[in-house]
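Below is a briefing on selected local features of a multi-chain structure. The model is predicted.

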Protein chains: 4
Amino acid sequence: MFDGWHEECGVFGIHGHPEAANMTYLGLYALQHRGQESAGIASSDGEVITFHKEMGLVADIFSEEVLARIPGHMAIGHVRYSTTGSSELKNAQPVVVDFESGSIAVAHNGNLVNAHEIKRELEVSGSIFQSTMDTEVIVHLIARSRKERVEDRIVDALNQVRGAYSLLFMTRDKLIGVRDPHGIRPLVLGKLKGDGGTVICSESCALDLIEAQYVREVDPGEMIVVDARGTQTYKPFLPAVERFCIFEHVYFARPDSIMGGTSIYQVRKELGRQLARECPAKADVVIPVPDSGVPAALGYSEAAGIPFEMGLIRNHYVGRTFIEPQQSIRHFGV
Amino acid sequence: MFDGWHEECGVFGIHGHPEAANMTYLGLYALQHRGQESAGIASSDGEVITFHKEMGLVADIFSEEVLARIPGHMAIGHVRYSTTGSSELKNAQPVVVDFESGSIAVAHNGNLVNAHEIKRELEVSGSIFQSTMDTEVIVHLIARSRKERVEDRIVDALNQVRGAYSLLFMTRDKLIGVRDPHGIRPLVLGKLKGDGGTVICSESCALDLIEAQYVREVDPGEMIVVDARGTQTYKPFLPAVERFCIFEHVYFARPDSIMGGTSIYQVRKELGRQLARECPAKADVVIPVPDSGVPAALGYSEAAGIPFEMGLIRNHYVGRTFIEPQQSIRHFGV
Amino acid sequence: MFDGWHEECGVFGIHGHPEAANMTYLGLYALQHRGQESAGIASSDGEVITFHKEMGLVADIFSEEVLARIPGHMAIGHVRYSTTGSSELKNAQPVVVDFESGSIAVAHNGNLVNAHEIKRELEVSGSIFQSTMDTEVIVHLIARSRKERVEDRIVDALNQVRGAYSLLFMTRDKLIGVRDPHGIRPLVLGKLKGDGGTVICSESCALDLIEAQYVREVDPGEMIVVDARGTQTYKPFLPAVERFCIFEHVYFARPDSIMGGTSIYQVRKELGRQLARECPAKADVVIPVPDSGVPAALGYSEAAGIPFEMGLIRNHYVGRTFIEPQQSIRHFGV
Amino acid sequence: MFDGWHEECGVFGIHGHPEAANMTYLGLYALQHRGQESAGIASSDGEVITFHKEMGLVADIFSEEVLARIPGHMAIGHVRYSTTGSSELKNAQPVVVDFESGSIAVAHNGNLVNAHEIKRELEVSGSIFQSTMDTEVIVHLIARSRKERVEDRIVDALNQVRGAYSLLFMTRDKLIGVRDPHGIRPLVLGKLKGDGGTVICSESCALDLIEAQYVREVDPGEMIVVDARGTQTYKPFLPAVERFCIFEHVYFARPDSIMGGTSIYQVRKELGRQLARECPAKADVVIPVPDSGVPAALGYSEAAGIPFEMGLIRNHYVGRTFIEPQQSIRHFGV
């Protein structure tokens, strides 16, 4: 059930804010480290869902003009990591479709292990697929469910899939967040001051940027439904062993996020301390590979009593296109 | 069964040419007058279908770099007219999907009259829709068909829809062109010199640009299947009254195209002559609104014996963005 | 004294309009046929001259945002034709410089025959050149003049050059138009309704677009100075034989412009009639190369009594980039 | 003689490398922290100087296509910091002009204190200025010099100015680097392996990126001339008190550069240690403002025995455009 580090994504959803798309833009901005391939936002004004998605970085895609075309008090957004060399717009999220009950938008962080199998079955019974994302499988299962309420359709659909998912759904009037029973991918709940709205997103650092309050993590197997009547929580799935992805603490998450009740920064520092205990080294200096290696190096330095120094400098202007000279210089990528 | 002038599109497909996407690019270029909103090309190398579509003009979308990412000896392309103010990428064509039998790409010129009705039925039985195009209805019907061969699935699907369609389908190894039984929208068959490939497209002017030979019009209700074994033709539908859209002769088509066996230019000139007979005018001069009005004005001038003059000048650099002064000038759009 | 057809440009200047840059934008838009390589606008608010110039078409360069950065009640603009393969931004106009008397902006249509000679002399006495334009020579001569008033400095400078020029100068408070004594290049004077401002520009079609009234042509050797006190006219140069460039009537100018008191369209038609008289042909039909050949073909048709037909169709979507197929098609440029 | 921190720039020049523009691109890339407003490269193939400059970042401006248009074995480049809100292309460097002796390109880091005074004098004697850069003053003085050789003209010119300058000049066959007598701005000399060329640039980190060897700093008041005959060094100015700008060590320079014989990183760390001695603090933790504050914080932590922690996280995807929500969030810029 390996959900490789190439499959990282970030999700952000908000309900009850007059500038929902703007807030989602900011939230995705804070989650940009979770995916640089594509970004998208879908919003609802209570009647109609509109959306915009593109290849590229959040700040390049969402101009004021584009955000003005995504009105409403609810929105969900997604940033996606490049999974293969041939990354494609058709795989950008949120996925927005019409089905029997109306429109629905979905943003997904995770991977299903039985997606291919279900896709094959769905195709045999007449379904068409317009992307290669596991997420489209979930949407089909929701559309095929015989249940009435969208919440029940979602539960119905998710009971058929196995794997990792932190999912945000948006209908014209509901924001729904679900975390898989193993709690593989992160998902947190936040609140804006006053009655400024409810947020569900991948990491607490996105709450900080918009000055929302961190409430708690969404529990493994929990479904949270936010609409005009308030926030309700369900535990519709069979309990499962908790299997939080260790790569979040090691690499994916931003150091200022809180996961599993502790700061990612502190966890990384402790990993460095533990490394010093397990693998002591005779050395003059501890040097991190910036920026993700800094906390662990600080921990190692502290535990081992070896001085910490910044021995590698990061160029902050690394662009996406880079012309390498045809000769003379090797290993330029590094 | 009105297929309004806002719903004009152009299609171009080619089989058996090593640079199929390049040729399709040229074909769409010649058909650009049929749609300026979006353009797309899907190609097949016999194994995999790849595609690219974007909002904008053919020459702006398809750079050499983009065309190089759409390899293969078969391709279909589409240009789309802006149907509403909020034109969207999700409605660009070709539509490319995976279904039980593999991948299929579709390019459609026309409108169905019972699309909404079928869409509703499909949704009730669990289908999802990712666009607002009639074309997606056709694709669903193909996927739902119980027939084995894709040709039979297409016939099955089209037997359920009513309306106007000139359609191109591409599977990994077949190019299929179909024209509705009423022959509402144009579709012509062409041949490149030697064994340079078979072309099916909206207007003969696209054949001229790539130096292909005009063979004939696709008949109303005819289906043409082109693959490695050659070209086969079928008449799988019940015959119907011919109802070719008069707006093609009046406005849509390029004057150098041939439709219904006669040149559009000659038809427009004859319309002008007829107008002179039906509505004679005491006038000093006949002035066309360029460029589409020129042939009719020439005809009127000839029949009425009134001199023809170019009294209105067209600015060839009309851009898509145009800043109007805030005061002083009225009626600037004209 | 050949001022080749590769050296065509368009100039537009306005004084006394609150949206001077916007009006200049529209004026250049109407003059776009005179130069597609680069475009620029310089404006003055009475104190400071600001400007913007870029490679490309007027409508692509001047967005609302860019125009908002060029405030003031006076402005001059320029469109430039590609003179060589290596067209460069450094040669875009208006040229804006600081010199002893303040700032000055210059827009030039024409070519000097002794520019190289003067440039050499100026360099020997310590001048530097930042472009390869003749216009920069004129600016140096103005800066070197010992006269006090800018009008006198301009006359001083122009007395040293020989060749074709229709020039617009703008200081912080004056708009000055000058036409060379031979009257080689066109320059017309217009008035906006009420007290909406004075315009000096290359062709009357630019006046039409902004609904300004055509007053008259600027005379050969005339200098017109417009400022807060009104419009004054001078004839500071020795009279010379009139040598209006025949290519304006044949090719450069827009058919709806008036030059030398007659419509370009009528002149071209008369050229066609004359051709019919001088070179009668036994033919079935007269076919123009659109669009510039249309009036002459109409004239030929009329004089020869041979029917006029549109036998060549112009593709209105010809883009600046065009991917030619690597094989199969020759002579694609045409 | 304050050369404010808003006036930082970076220069890079190379002689004797077949891909001189590519190497300069890489050098500017490493110097990007010294200026993000505009960037430019001028090259010489021994006969002709070509150049390209634009607003923006090095990696965005110089595509392979652009670099291919700047051929030759010599090049100089420049990155410029935004000095005012209205930053403009006309102030981008290198400045490239024609004068009596041919073409010359100049890249300048620094500020002159008597530029306005000299500019006024030059204007009175007929000079024109096309930018607001001090550099243009230097170029005028070179053009006005009565000396024969360009080296002597440069010395002549620089003897008339006072202030800070690290300058690179390029004629069609010479690369010349000069540092002002006070040595206010940095300039270093490097060598590529074998006979791969000579480099003169602002900081040693640019040498590291292209794998050139650091030779030494250019001395205050030194002029280095590189051409086909080799490298020659001159001390043409009166000696002056050394006044190296302290902001280089504090803020401007990259920590991995060497200036004044010591690593910037070590200097910053020592500044932190000294701060701990001069301003001891009762604190639990030392937290840097990343990234420039990290070395000083490490030094303070070390000297004070207070633990160092990363308490502020930098978002690596900070874009140039950022849409702030209209309400709810204050102080967003930070």
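H52(D) is buried, because its relative accessible area is 16% and the cut-off for buried is under 20%. The residue belongs to strand β3 of chain D, which spans residues 49-55.

**Surroundings of H52(D)**

- The side chain of H52(D) makes a polar contact with the side chain of E54(D), at 2.8 Å.
- Beyond its neighbours within four places in sequence, H52(D) contacts A39(D), G40(D) and I41(D) on one stretch of numbering, and also I61(D), F62(D), V66(D), R69(D) and I70(D).

- A157(D) sits in helix α6 of chain D, residues 150-158.
- Its relative accessible area is 1%, so A157(D) counts as buried.
- Leaving out residues up to four places away in sequence, A157(D) touches I138(D), L141(D) and I142(D).
- L67(D) is 90 residues from A157(D) in sequence. The C-alpha atoms of L67(D) and A157(D) are 32 Å apart in space.

**Helix α6 of chain A: how it is covered**

- Helix α6(A) spans residues 150-158 and is mostly covered. Seven of its nine residues are buried.
- Those buried residues are V150(A), E151(A), R153(A), I154(A), V155(A), A157(A) and L158(A).
- The cover over them includes one helix, α5 of chain A. It also includes strands of chain A: β5 (95-99), β6 (102-109), β7 (166-170), β8 (175-179) and β12 (223-227).
- Residues three or four places apart on an α-helix point the same way, because the helix has 3.6 residues a turn.

**Packing of α5(A) on α6(A)**

- The axes of α5(A) and α6(A) are 8 Å apart, and the helices pack at an angle of about 125 degrees.
- That angle makes α5(A) oblique to α6(A).
- The crossing of α5(A) past α6(A) is right-handed.
- On the α5(A) side, the contact is made by I138(A), L141(A), I142(A) and A143(A). On the α6(A) side, R153(A), I154(A), A157(A) and L158(A) take part.
- By class, the residues of this contact are seven nonpolar, no polar and one charged.

**Packing of α4(A) on α5(A)**

- Helix α4(A) covers residues 115-124, and helix α5(A) covers residues 134-144.
- Their axes come within 10 Å and cross at roughly 50 degrees.
- α4(A) passes α5(A) in a left-handed crossing.
- A115(A), I118(A), K119(A) and L122(A) of α4(A) form one side of the contact. D134(A), V137(A), H140(A), L141(A) and R144(A) of α5(A) form the other.
- The residues of the contact of α4(A) with α5(A) comprise five nonpolar, one polar and three charged.
- L141(A) of α5(A) takes part in the contact with α4(A) and in the contact with α6(A).

- Chain A and chain C share no contact. Their closest C-alpha atoms lie 13 Å apart.
- Chain B and chain D do not touch either. Their nearest C-alpha atoms are 13 Å apart.

**Backbone geometry**

- Most residues other than glycine have a negative phi, and most peptide bonds are trans.
- The peptide bond from Q93(B) to P94(B) is cis, with omega near 0 degrees. P94(B) lies in the loop between β4 (74-80) and β5 (95-99) of chain B.
- The peptide bond from P290(B) to D291(B) is also cis, with omega near -5 degrees. D291(B) is in the loop between α9 (264-278) and α10 (294-304) of chain B.
- E211(A) is not a glycine, yet has a positive phi of about 60 degrees. This residue lies in the loop between α7 (204-209) and β11 (213-217) of chain A.
- With a relative accessible area of 36%, E211(A) is partly exposed.
- E211(B) also has a positive phi of about 60 degrees without being a glycine. Its place is the loop between α7 (204-209) and β11 (213-217) of chain B.
- E211(B) is partly exposed, at 37% relative accessibility.

Definitions and conventions
Residues numbered from 1 in each chain as written. Chains lettered and ligands numbered in written order. Predicted model: local features only at pLDDT ≥ 70, side-chain atom pairs only at ≥ 80, totals over all residues. Heavy atoms only, no water. Axes fitted to C-alpha atoms, helices over the stretch in contact; angles between N-to-C directions. Helix = DSSP H or I, 4+ residues; strand = E, 2+ residues; numbered from the N terminus. Left-handed = near helix turned anticlockwise from the far one by under 90°. Contact = heavy atoms within 4.5 Å. Nonpolar A, V, L, I, M, F, W, Y, C, P; charged D, E, K, R; others polar. Buried < 20%, exposed > 50% of the residue type's maximum accessible area, 1.4 Å probe, protein only. Polar contact = N/O pair within 3.5 Å; in protein donor to acceptor, adjacent residues only side chain to side chain. Parallel < 35°, antiparallel > 145°, perpendicular 65-115°, else oblique.
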